[in-house]
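Let's take a walk through this structure together. Have the sequence and the 3D view ready as you read.

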Amino acid sequence: MRHRSRAPGPGTEPLPEVWTGRATNRMQWVLAAAGAACLALGIKLAVDANWETGITALLMAVIGCVAAGLMVLYGTLAFVHLDVTIDREDLLVRCGHMGLPRKRIPLSEVVQADYDPKVTPHQWGGWGCRWRPEKGTAWVVRRGEGLVVTLKNGETFTVTVDNADMAVRVIRDRLSRSSTDPVPHV
């Protein structure tokens, strides 16, 4: 974890000006390999097939294998890891190596930050970007600790990230500082 320190907070270590955290799921590489194998099978079928007989069935198999392979590859590679950054103004979550999907939450919209020691894919219906009406939105790449923020509109956002307790401390510090800052007069 990279961060720049400033004055000590209520815990034992100083709170960073910019906090970064990550959650990684190495098991996703196995699923990515399965997606690559499916894609390779589709390409092999297209190259080695006898296109003179049964073209419809062969075309469906090729398109199906290639499409399934691409979807599995993107779905798994996008959620191999999550990067979380908290600066003075925003909570930013980026997925995978390309940083897509990404979610930016202004800290001015956050009313509460909590630590959840046990976030599981089972609670949310699997890995990835999830939504459940009774729980809110979650980005889950592995089982373990997570950060839960409650927004002004009542929605909650949960993200799995290592050292989530420090992320909670940083957000709470930002929220307490913003509530004590004087309002500028115009």
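Pro121 is buried (under 20% relative accessible area, with over 50% being exposed and the range in between partly exposed, for a 1.4 Å probe and protein chains only), because its relative accessible area is 14%. This is a predicted model, in which local features need pLDDT of at least 70, side-chain atom pairs count only at pLDDT 80 or more, and totals for chains, interfaces and linings use all residues. Residues are numbered from 1 along each chain as its sequence is written, and side-chain values use heavy atoms, leaving out hydrogens and water.

Pro121 belongs to helix 3 (residues 121-124); helices here are DSSP runs of H or I with at least four residues, strands are E runs of at least two, and both are numbered from the N terminus. Beyond its neighbours within four places in sequence, Pro121 is in contact (heavy atoms within 4.5 Å) with Gly126, Trp127, Val140, Arg142 and Arg143.

Now turn to the largest nonpolar core, which has 30 residues. Such a core is a set of buried Ala, Val, Leu, Ile, Met, Phe, Trp, Tyr and Cys residues joined through side-chain atoms within 4.5 Å. Helix 4 gives the largest share, seven residues. Leu147, Val149 and Ile171 have the most contacts inside this core. Ile171 touches, among others, Ile86, Leu107 and Val110, not counting residues up to four places away in sequence.

Finally, look at helix 1 (residues 28-48) and helix 2 (residues 55-77), which pack at about 155 degrees with their axes 7 Å apart. Axes are lines fitted to C-alpha atoms over the stretch in contact, and angles run from 0 to 180 degrees between N-to-C directions. Helix 1 is therefore roughly antiparallel to helix 2, a term for angles over 145 degrees.

Technical notes: Angles under 35 degrees count as roughly parallel, over 145 as roughly antiparallel, 65 to 115 as roughly perpendicular and the rest as oblique.
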